[in-house]
Every structure is written in C-alpha cells, then in structure tokens.
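Colleague: Could you walk me through the ring contacts in this one? I'd like to go residue by residue.

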Amino acid sequence: MLQASVSPYHLFKNRTEITAFRKSLLSWYDREKRDLPWRRQAENEADLDRRAYAVWVSEVMLQQTQVATVINYYTRWMQEVNQLWAGLGYYSRGRRLQEGARKVVEELGGHIPRTAETLQQLLPGVGRYTAGAIASIAFGQATGVVDGNVVRVLCRVRAIGADPRSTLVSQQLWSLAQQLVDPNRPGDFNQAAMELGATVCTPQRPLCSQCPVQSLCRARQRVEQEQFSASWNLQGSPDVENCTPNTGKCQLCLPSTEPWNHTLGVVNFPRKASRRPPREEYSATCVLEQPRALGGAQILLVQRPNSGLLAGLWEFPSVTVEPSGQHQCKALLQKLQSWTGPLPATHLQYLGEVSHTFSHIKLTYQVYGLALEGQTPMTTPPGAQWLTREEFYTAAVSTAMKKVFRVYEDYQPGTCKVSLMALTQPSVSPSGTCLGEHSLLQAFMGSDK
C-alpha cells in the first residue's frame, strides 16, 4: 500500500506506461542478451526440476560475484561443491546450496518447490530474491525480483533517491518489480531487468543513449531538461516534473543533506551506501610439513568450525592473535600440538605475512613454517588430514590459504633452529636475522614492529 509520505511521482502512472516499459525492455533483451550457460540450460531443459536446479545454482553463484567470474565455475559445477566453490568466495553459499539440494532429494521426493513462497519456506539459504528468480525463470511464476542491478534501474527510472536499504524503500522497490513483471514472460523480464543494470544502466558510466526505457526514466528526463535549459541560458530551475507530495516530505526523494548534483546526472540515483571499512583481524598460521613422509611430502590441514567465517573449509593450523603479535608463537605451538601431540625439535621459521579481505573482514596472516624430521607418520585426529601438495590445490581450501601456501613455497629455508618445547633457543626474526636467547621472545611477541 502506498504510504501518505510517498509521492505518486515515484510510481508508474497507468497501465499504458507499464506496458510500454515491458515491451521496450523485452524487445531489447531479445536482441542484446548475453549467451550464458545457465540461460541455455534453462531454455533447453525439459525436466522442470533439472531446469530449476540450473537456475538455482547460477543465481546463488552470482550473488555478489561478477558474471565473467561465474561462467567457468558454473560449467564445472557438477563436482564436489566446496572444492570448486573455494575460488568464488562466500563459502557459506555453497554449503547452503548443498544442504538445500540434499533436502530436495531426501525429503521432497526429488522435486524442487514450484512457487517463490514455498521455495523460500522449504529450502535453506533460499531468500526472497533467489526464490523469485527460480520461480519465474524455471516455472513461469509472475513474481518480480530485486537484486543490486534491479535496484539501480528502478531507482533511476523512478528517481528514488532515499537509501535503498531502508525498509520503506525496499518495500517500494519490490512493489514496483511486482507491478512491472510481464505475466507472459516473467523469467525473461526479470533477466532483462538484471541484464539492463549489468550492461547499460551501470553504476558509474551508464550508457543512457542505449537504454531501451530512457523515455520512461525520470533521472534521464531531469538531465535532459537541465541540458536544454543550459543551452538556452534559461534562468531558474529547469521545467521538469518534480515530486510534489500532498503532505509532508517525500521519503523516496533524495535527502536534503544530499541534494541533486548536476555533475553526476543519473548517477545521483541510487543513493550510495556508506561503506564501513572491513574489520581488521590477525592470525598466526603454520604450514606443518612432513617432507620425508612415505609416499611423498605431506602438509597438515585442519577443518574450521561449521559456523562463522569460512565455515567447514580446510586450513593450516591457525590461532587468532593481537595486532601487536604478543604471545603468538607460544599460542601457535600449543595449537599445533593440540592436533599432532608432542613434536620433536625441528625448524620453526617466520616466513612473512599475507593479507586477504573477505566481505567484511581484512585478515592478516603471520605465516610460519615447520618441517618435521624423520619418516614416522604423524597421528591424524578427527578434523585433520595430511595431504600432498598436489592434493592441497584441489582441496576445499580458501583463496587466503593458497596465498599462505605460496609464501611457504617461495621461502628459502634458513639455518636457525628452535625447539617446539622450549622457546629459549636461537631462532629467526621476521626480517630473517638470527637472534640469540635474550631476544627470542621479543622477536616473536612483536614480529610486526
């Protein structure tokens, strides 16, 4: 329901405008749509469940990931989920997709729910957008979808300048999407709206001259009126339709604190969300290797918890540390021995650091290496595994761990030794300098200084 504080200026006037929008957008899509593997599979697959699964996989992969990155992963998808998923990031998506697929097979008789409502209700990890995409593309349900591309298109077409993350604006955008979706071609229409945002109505350099709905775009109309006024040296505000709410301030307009900027043009919409810098965290991690193991050198990987960052993936033994680096060596050694039991004297080396930014965390790893002496096989407790280097690169490990391993592989081993059980023997500093007993703890406790 339209609230009193929202002006009709931000809506479509009548059925004629809606029909014109649908026709123009779909005609453009039929001419210009990209040839993507999931579209081909959805179009050519007669089995509805297989078609829905193809759409499901693609939509989950495409969440916060560019199309060019997804294409290769999608074509290789029908293998082990986490192994292929690792390079995409956002690992929990793969886990939830696997859980959902298992539920379809084990509890739903192999049939994917047919409506957006039941998809969202019954399948773990399927939210409103993914449910709408599957239902419209695979099953032909006339339900709208709103993703980042659609948000941008709708905000510009209807000059919505308020924060799109707010509840009010989000509700209005979903309402507009539902109003616009073509009942005869809902899947194509939703893909066309997303395609328009991805290829024409882009965030920074929109190609307005190529837009099939530019005649219906209020943001573009305002730019053209300003250009016309400037060319004729007209004084005052351009003669363009404006929002005139009946009562109070319109909650969909640009905020008074961020008025229209004529240098930005249509890029005034949507309002840019203020991004918080990623939270900085620090970890000490160790590549523990048995270089003389029977059958070839092996390295130890342990599995992360089933919740939280990188849930369920494999990594080198790691501990969270303070930015100062204090006590990180002792904590790391304790963590290693919790997995392996008592360890003999061996080389322990600080190799350097590497950083990796996840969606909301910048994690800096202090990288250490340990090479075990002898050929005696180490015990392998639950949640750990010894892998060859070749096996490591095909395992379900994160991109961050591959960065850590590259540091280990590139390092030229030194000659200083340290006992795992005694921290008062000579070792190496972060700079590679040999240190005596008096400065060992200082080096490991302040390795970032």
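Colleague: Which ring does the charged end of R128 sit over?

Modeller: In this predicted model, the charged end of R128 sits over the ring of W174, at 3.9 Å from the ring centre.

Colleague: And where is W174, and is it buried or exposed?

Modeller: W174 belongs to helix 10, which covers residues 167–180, and with a relative accessible area of 13% it falls under the 20% limit, so W174 counts as buried.

Colleague: What does W174 touch, leaving aside its neighbours within four places in sequence?

Modeller: W174 is in contact with R128, Y129, G144, V145 and V146. For V146, which lies 28 residues from W174 along the chain, the C-alpha atoms of the two residues are separated by 6.3 Å.

Colleague: What sits over the ring of F12?

Modeller: That is the charged end of R158, which is 4.3 Å from the centre of the F12 ring.

Colleague: Switching to ring pairs, how many aromatic pairs are there in the whole structure?

Modeller: A search of the whole structure gives 11 aromatic pairs. One of them is W260 with F269, where the ring centres are 5.9 Å apart and the planes are at 45°, so this pair is classed as tilted. Both partners are buried, W260 with a relative accessible area of 15% and F269 with 5%.

Colleague: Why is the pair F316 and F392 called stacked?

Modeller: The centres of the F316 and F392 rings are 5.4 Å apart and their planes meet at 20°, and because stacking requires planes under 30 degrees apart, the pair counts as stacked. The pair links distant parts of the chain, with F316 in the loop between strand 3 (314–315) and strand 4 (318–321) and F392 in helix 14 (residues 389–392), 76 residues apart. The relative accessible area is 0% for F316 and 0% for F392, and each residue is buried.

Colleague: Which aromatic cluster do F316 and F392 belong to?

Modeller: They form one aromatic cluster together with Y393, F405 and Y408.

Colleague: Last topic, E315: where does it lie, and is it buried or exposed?

Modeller: E315 lies in strand 3 and, at 10% relative accessibility, counts as buried.

Colleague: Which side chain does E315 reach with a polar contact?

Modeller: The side chains of E315 and R304 are joined by a polar contact of 3.0 Å. If residues up to four places away in sequence are not counted, E315 touches L300, L301, V302 and M401 as well as R304.

Technical notes: Residues are numbered from 1 along each chain as its sequence is written. This is a predicted model: local features need pLDDT of at least 70, side-chain atom pairs count only at pLDDT 80 or more; totals for chains, interfaces and linings use all residues. Side-chain values use heavy atoms; hydrogens and water are left out. Rings of Phe, Tyr and Trp (its six-membered ring) pair if their centres lie within 6.5 Å; planes under 30 degrees apart count as stacked, over 60 as edge-to-face and the rest as tilted. Buried means under 20% relative accessible area, exposed over 50%, partly exposed in between (1.4 Å probe, protein chains only). Helices (H or I, at least four residues) and strands (E, at least two) are DSSP runs, numbered from the N terminus. A charge sits over a ring if NZ of Lys or CZ of Arg is within 6 Å of the ring centre and within 35 degrees of the ring normal. A polar contact is a pair of N or O atoms within 3.5 Å; within protein, one must be able to donate a hydrogen and the other to accept it, and residues adjacent in sequence count only if both atoms are side-chain atoms. Contact means heavy atoms within 4.5 Å.
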